[in-house]
Amino acid sequence: MSYRFDQFVLDPDTRRLLRDGEEVHLSPKAFDLLRVLIEGRARALARGDLHDLLWPETHVEDTNLAGLVAEIRRALADSPETPRYVRTIHRFGYWFIGDVADGAPAAPVQSPAVNSRPVIRYWLIWDTRQIPLFEGDNVIGRAPDAAVWLEAPGVSRHHARIRLEGSQATIEDLGSKNGTFVGGERLTAPVALADGDQIRISSVVLSFRIPPPLASTDTVGDR
């Protein structure tokens with residue numbers, strides 16, 4: 001089963017990456033990593049899980065994985081600052097965010113560390129983008145290492161921070177020049193976030209979302 005995204009086709013059977021019908025060179029490990037990211041595109045994949053999948057029972061430095069990601073980005077003409085295909089999830093791993101057609105349905109990739117992967121309970125919505133938030137600190141800004149990367153005028157490198165601790169979510173401004181606003185009020189101290197809160201970072205408006213719990217299907221006539 002081949003995977004098509006924009007002008008690219010990844011064919012696991014022939015182990016080729018094509019761009020407009022022309023083969024694009026990838027090393028064997030880089031090809032394997034791209035396939036894993038595409039097949040697991042339903043969510044971000046942890047670095048530890050990717051290590052286990054690519055180098056089972058072998059210890060390698062994290063720079064090896066980063067080098068493969070850089071090779072994939074060069075092949076796809078992608079950028080870590082403005083990713084179209086491979087997004088870095090700060091202090092966690094990587095996520096294939098391109099639209100894939102003609103491939104198998106997106107599904108979680110199984111790995112030895114699957115049970116240790118954090119559950120995503122919170123999201124930020126920016127236009128049509130859905131950005132996951134993870135336990136701990138999630139820095140918002142235009143620095144490449146920001147967990148929520150915003151390239152927009154007036155956004156500071158490290159503008160604000162959302163902290164997730166269990167069932168609690170708070171946001172605070174990090175001394176930004178233009179401020180951080182929740183519900184139209186400028187932050188002067190950390191405040192708690194609720195589902196649907198509107199966060200304004202300069203000209204960028206984000207919506208904080210808590211997905212509803214899965215429930216059984218209603219029976220017709222119950223209402």
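Which residues form one aromatic cluster? F5, F8, Y85 and F96 do.

The model is predicted: local features need pLDDT of at least 70, side-chain atom pairs count only at pLDDT 80 or more, and totals for chains, interfaces and linings use all residues. Residues are numbered from 1 along each chain as its sequence is written, and side-chain values use heavy atoms, with hydrogens and water left out.

**Overall build**

The chain's secondary structure comes to 3 helices and 18 strands. Helices (H or I, at least four residues) and strands (E, at least two) are DSSP runs, numbered from the N terminus. Of the 223 residues, 43% count as buried. Buried means under 20% relative accessible area, exposed over 50%, and partly exposed in between (1.4 Å probe, protein chains only). Contact means heavy atoms within 4.5 Å. Among contacts with a separation of 6 or more, 48% come from residues 24 or more positions apart.

**Aromatic pairs**

Rings of Phe, Tyr and Trp (its six-membered ring) pair if their centres lie within 6.5 Å; planes under 30 degrees apart count as stacked, over 60 as edge-to-face and the rest as tilted. The count by this rule is 7 aromatic pairs. F8 and Y85 make an edge-to-face pair, at 5.9 Å centre to centre and 85 degrees between the planes. F8 lies in strand β2 (residues 8-11) and Y85 in the loop between α3 (62-76) and β6 (86-89), so this pair ties together parts that are 77 residues apart in sequence. F8 is buried, at 1% relative accessible area. Y85 is also buried, with 1% relative accessibility.

W95 and W123 form a tilted pair, because their ring centres are 6.3 Å apart and their planes stand at 55 degrees. W95 belongs to strand β7 (residues 93-96) and W123 to strand β8 (residues 122-126), so parts 28 residues apart in sequence are tied together.

| Residue | Relative accessibility |
|---|---|
| W95 | 9% |
| W123 | 13% |
| S207 | 14% |
| S27 | 19% |

**Charged side chains**

What sits over the ring of F181? The charged end of R200 does, 4.1 Å from the ring centre. A charge sits over a ring if NZ of Lys or CZ of Arg is within 6 Å of the ring centre and within 35 degrees of the ring normal.

R87 lies in strand β6. Leaving aside neighbours within four places in sequence, the contacts of R87 include R73, W95, R129 and W149.

S207 lies in strand β18 (residues 204-209). S207 touches W123, L124, I125, G196, D197 and Q198, not counting residues up to four places away in sequence. Its side chain is joined to that of Q198 by a polar contact of 3.4 Å. A polar contact is a pair of N or O atoms within 3.5 Å; within protein, one must be able to donate a hydrogen and the other to accept it, and residues adjacent in sequence count only if both atoms are side-chain atoms.

S27 lies in the loop between β4 (22-24) and α1 (28-39). Leaving aside neighbours within four places in sequence, S27 is in contact with L68 and E71.
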